[in-house]
Amino acid sequence: DNLSHENLYVEFHDGGVAVIVLNRPKALNALSPDLTRELGAALDTLEADDTIGAVVVTGSAKAFAAGADIKAMKDWSYMDVYGADFITATWERLTTFRKPTIAAVAGYALGGGCELAMMCDFILAADTARFGQPEITIGTIPGAGGTQRLTRLIGKSKAMEMVLTGRMMDAAEAERAGLVSRILPAEELLPEAIKTAQKIAGMSRPIAMLAKESVNRAYETTLAEGIRFERRLFHSTFATEDQKEGMAAFVEKRAPAFRNR
Ligand code: HXC
């Protein structure tokens with residue numbers, strides 16, 4: 001079962017996991033308008049697919065994605081980018097996707113590639129991963145969250161240095177800084193990402209979606225409002241059958257059989 005586009009393909013794995021593989025090797029997965037449109041379409045399909053509980057986004061061994069497509073962008077006018085609402089219209093689909101997403105990053109995640117990874121719920125990195133926001137070196141600035149999400153993830157000092165110099169961080173620095181959750185040997189990256197996604201997909205689907213929504217809220221609001229939001233979602237889990245099943249299974253010393261309701 002395979003969903004193929006020109007610049008990416010989707011693999012379906014056991015346990016409710018789909019892997020979106022960015023596949024534009026001749027340009028190191030540079031995020032052309034066609035690629036991001038295909039990504040949005042794939043996410044629409046996976047959101048609607050009840051068999052899917054978690055999604056991994058990955059690239060190649062050499063590049064997760066080397067950024068927005070510079071060759072496509074270079075002659076665009078202000079009205080081309082403003083008029084088409086460049087980025088918001090397609091890239092942001094990842095941020096409205098309700099099921100958990102993992103970025104599995106090997107090689108370059110630069111510019112829009114780093115931003116795309118940060119739009120996922122968390123990042124697993126190969127020891128070969130390199131992260132950067134080099135836009136300033138080509139006369140522009142990050143435009144898909146690089147000045148905002150990166151700053152919240154790694155703090156002002158490191159984010160400012162990266163955005164102002166364009167230097168790359170290796171996987172070890174990215175883990176120390178809190179940009180990635182774990183580093184893996186390159187050959188274990190995808191298998192481990194799939195295993196992690198399967199673990200998540202094995203939880204109650206609506207509960208995992210509530211958990212994701214609540215963590216993401218921490219990036220959108222004040223602590224007091226975030227706590228209030230969490231409290232209400234926590235209360236709402238008691239309206240689900242899966243909360244009853246999960247707690248009953250614990251007490252009965254058996255594995256829960258979640259029914260996603
Ligand atoms: C278009 C790109 C590209 C990109 C690489 N390629 N990155 N094409 N857009 N972002 C193409 C190269 O032109 C080349 O094509 C081929 O991919 C292989 O790349 P090389 O440069 O030959 O590879 P290498 O020497 O190994 O260097 C790898 C690299 C370098 C360090 C990653 O490619 C690089 O610096 N890329 C640009 C990184 C960048 O500035 N990203 C930010 C983009 S701006 P040919 O045809 O020559 O073989 C951005 C703004 C986002 O992302 C704003 C929100 C949307």
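This is a predicted model: local features need pLDDT of at least 70, side-chain atom pairs count only at pLDDT 80 or more; totals for chains, interfaces and linings use all residues.
**Entry 1**

I then looked up K195 and E192. Their side chains form a salt bridge, with N to O at 3.6 Å. That value sits within the 4 Å limit. Both residues belong to helix α9, which covers residues 189–201. They are three residues apart, about one turn of the helix. I noted the general rule here: an α-helix has 3.6 residues a turn, so residues three or four places apart point the same way.

Are the two partners buried or exposed? K195 is exposed, at a relative accessible area of 54%. E192 counts as buried, at 18% relative accessibility.

**Entry 2: salt bridges across the chain**

I searched the whole structure and found 16 salt bridges. I picked out D44 and R93, whose closest N and O atoms are 2.6 Å apart. This pair links distant parts of the chain. D44 is in helix α1 (residues 33–48), and R93 is in helix α4 (residues 93–96). The two are 49 residues apart. D44 counts as partly exposed at 42% relative accessibility. R93 counts as buried, at 17%.

Next I checked E241 and R259. Their side chains meet in a salt bridge at 3.3 Å, N to O. E241 lies in helix α12 (residues 241–251) and R259 in the segment after α12, so the pair ties together parts 18 residues apart in sequence. E241 is partly exposed, with a relative accessible area of 38%. R259 is exposed, at 55%.

I also came across a network. Salt bridges with shared partners join K158, E161, R167 and E173.

**Entry 3: strand β6**

I turned to β6, residues 101–105. How many of the residues of β6 are buried? Five of the five are, so β6 is largely enclosed by the rest of the structure. I looked at its faces in turn. T101, A103 and V105 are on one side, with I102 and A104 on the other. Both faces are covered.

Which strands pair with β6? One is β4 (residues 54–58), which pairs with β6 in the parallel sense over four bridges. Within that pairing, T58 has A104 as its bridge partner in β6. Another is β8 (residues 122–126), also joined to β6 by four bridges and running parallel. Here I102 is partnered by F122 of β8.

**Entry 4: helix α10**

I went on to α10, which spans residues 205–217 and has 13 residues. From its first C-alpha to its last, α10 reaches 18 Å. That is close to the 18 Å expected at 1.5 Å a residue.

Which residues of α10 are buried? I listed R205, A208, M209, L210, K212 and S214.

**Entry 5: a surface patch**

Y78, M79 and Y82 make a nonpolar surface patch of about 400 Å². I placed M79 in helix α3, residues 78–83.

How values were computed:
Residues are numbered from 1 along each chain as its sequence is written. Side-chain values use heavy atoms; hydrogens and water are left out. Patches are made of residues with over 30% relative accessible area and no salt bridge: like charges are joined within 9 Å, nonpolar side chains (Val, Leu, Ile, Met, Phe, Trp, Tyr) within 5 Å. Accessible areas come from the Shrake-Rupley method with a 1.4 Å probe; for residues, only the protein chains shown count as cover. The expected span of a helix is 1.5 Å times one less than its number of residues. Buried means under 20% relative accessible area, exposed over 50%, partly exposed in between (1.4 Å probe, protein chains only). Contact means heavy atoms within 4.5 Å. Two strands pair if DSSP finds at least two bridges between them.
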